[in-house]
Amino acid sequence: MTSVDDRLRLLFARGVVRHADVVKGLAAAQAEFLKGETRRVEMPQGYGFAAALKPGAEVFAAFANGERSAGIAIANDDRRYRPDDLKAGEVILYGQAAKELPYQWIRCTDDPKPGTIKIRARRIEMRAGDYYSVLDADTGPHSGTHPMSDPNLPV
């Protein structure tokens, strides 16, 4: 193989996350790409979204010019927790508990009617100014008002 062939072969890779953290405000992961090849890659995430990958998640990275010491993750996923019941066109925000009981997610769907947002969790807290509403699977619903400075209000 030529040098160009080698660089093209090393340009993209899929790896398994061994450790993830935040370095200087940017998420990063240490992942094993080829057997015994562990590399640290930066993981830019969309503005307003943040996720902490667990060991065993997958990362898909690009390495500029095939240089394996400077990788950037272009996508990541964790098939262990990914919900498998999405319908065509649905969008879901989920975490590690998505496949555990009780399921926890926020789903945008057209079921039962267009524009439906479904939230499933053990406890849901909503706040608008000094007003709040809580739905709790153990204690039931309650709502009221609290000044924003009240340390006892639901978060």
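View 1. Welcome to the overview, which shows 1 helix and 11 strands. Helices (H or I, at least four residues) and strands (E, at least two) are DSSP runs, numbered from the N terminus. This is a predicted model, in which local features need pLDDT of at least 70 and side-chain atom pairs count only at pLDDT 80 or more, while totals for chains, interfaces and linings use all residues. Residues are numbered from 1 along each chain as its sequence is written, and side-chain values use heavy atoms, with hydrogens and water left out. Of the 155 residues in the chain, 26% are buried; here buried means under 20% relative accessible area, exposed means over 50%, and partly exposed lies in between (1.4 Å probe, protein chains only). The chain exposes about 10,900 Å², and carbon and sulfur atoms supply 56% of that area. Such accessible areas come from the Shrake-Rupley method with a 1.4 Å probe, and for residues only the protein chains shown count as cover. Among contacts (heavy atoms within 4.5 Å) between residues at least 6 apart in sequence, 27% join residues at least 24 apart.

**View 2. The largest nonpolar core brings together 14 residues.** A nonpolar core is a set of buried Ala, Val, Leu, Ile, Met, Phe, Trp, Tyr and Cys residues joined through side-chain atoms within 4.5 Å. Which residues have the most contacts inside this core? They are Val 17, Phe 33, Val 41, Met 43, Val 59 and Phe 63. The elements that give two or more residues to the core are β1 (12-23), β2 (26-32) and β4 (58-63). Take a moment to look at Met 43: leaving aside residues up to four places away in sequence, Met 43 touches Leu 26, Ala 27, Ala 28, Ala 29, Leu 53, Val 59, Ala 73 and Asn 76.

**View 3. Arg 107 and Asp 85 form a salt bridge, with their closest N and O atoms 3.2 Å apart.** A salt bridge is a side-chain nitrogen of Lys or Arg within 4 Å of a carboxyl oxygen of Asp or Glu. Arg 107 lies in strand β7 (residues 105-109) and Asp 85 in the loop between β5 (71-77) and β6 (91-94), so the pair ties together parts that are 22 residues apart in sequence. Are the two partners buried or exposed? Arg 107 counts as buried at 6% relative accessibility, whereas Asp 85 is partly exposed at 45%. A search of the whole structure finds 16 salt bridges. Elsewhere, Arg 14, Glu 58 and Arg 79 are linked in a network of them.

**View 4. Asp 136 meets Arg 123 in a salt bridge whose closest N and O atoms are 2.7 Å apart.** Asp 136 sits in strand β10 (residues 131-136) and Arg 123 in strand β9 (residues 123-128), so you can follow a link between distant parts of the chain, 13 residues apart. Asp 136 counts as buried, with 13% relative accessibility, while Arg 123 is partly exposed at 37%.

**View 5. Strands in the order β9-β10-β11 make an open sheet of 3 strands with antiparallel pairing.** Two strands pair if DSSP finds at least two bridges between them. Because β9 and β11 (140-145) stand at the edges with a single partner strand each, one side of each is left without a neighbour in the sheet. From one strand to the next, the twist averages 10°. This angle rests on axes, which are lines fitted to C-alpha atoms (for helices, over the stretch in contact), and angles run from 0 to 180 degrees between N-to-C directions. Antiparallel β10 and β11 are joined by 6 bridges, and Val 134 has His 142 in β11 as its bridge partner.

**View 6. A cis peptide bond runs from Asp 111 to Pro 112, with omega near 15°.** Pro 112 lies in the loop between β7 and β8 (116-120). Asp 111 also takes part in a salt bridge with Lys 118 (3.9 Å, N to O). Lys 118 is partly exposed at 30% relative accessible area, and Asp 111 counts as partly exposed at 30%.

**View 7. Lys 24 has a positive phi, near 50°.** Most residues other than glycine have a negative phi, and most peptide bonds are trans. Lys 24 is found in the loop between β1 and β2, and counts as exposed at 85% relative accessibility. Asn 65 has a positive phi too, near 60°. Asn 65 lies in the loop between β4 and β5 and is exposed, with a relative accessible area of 58%.
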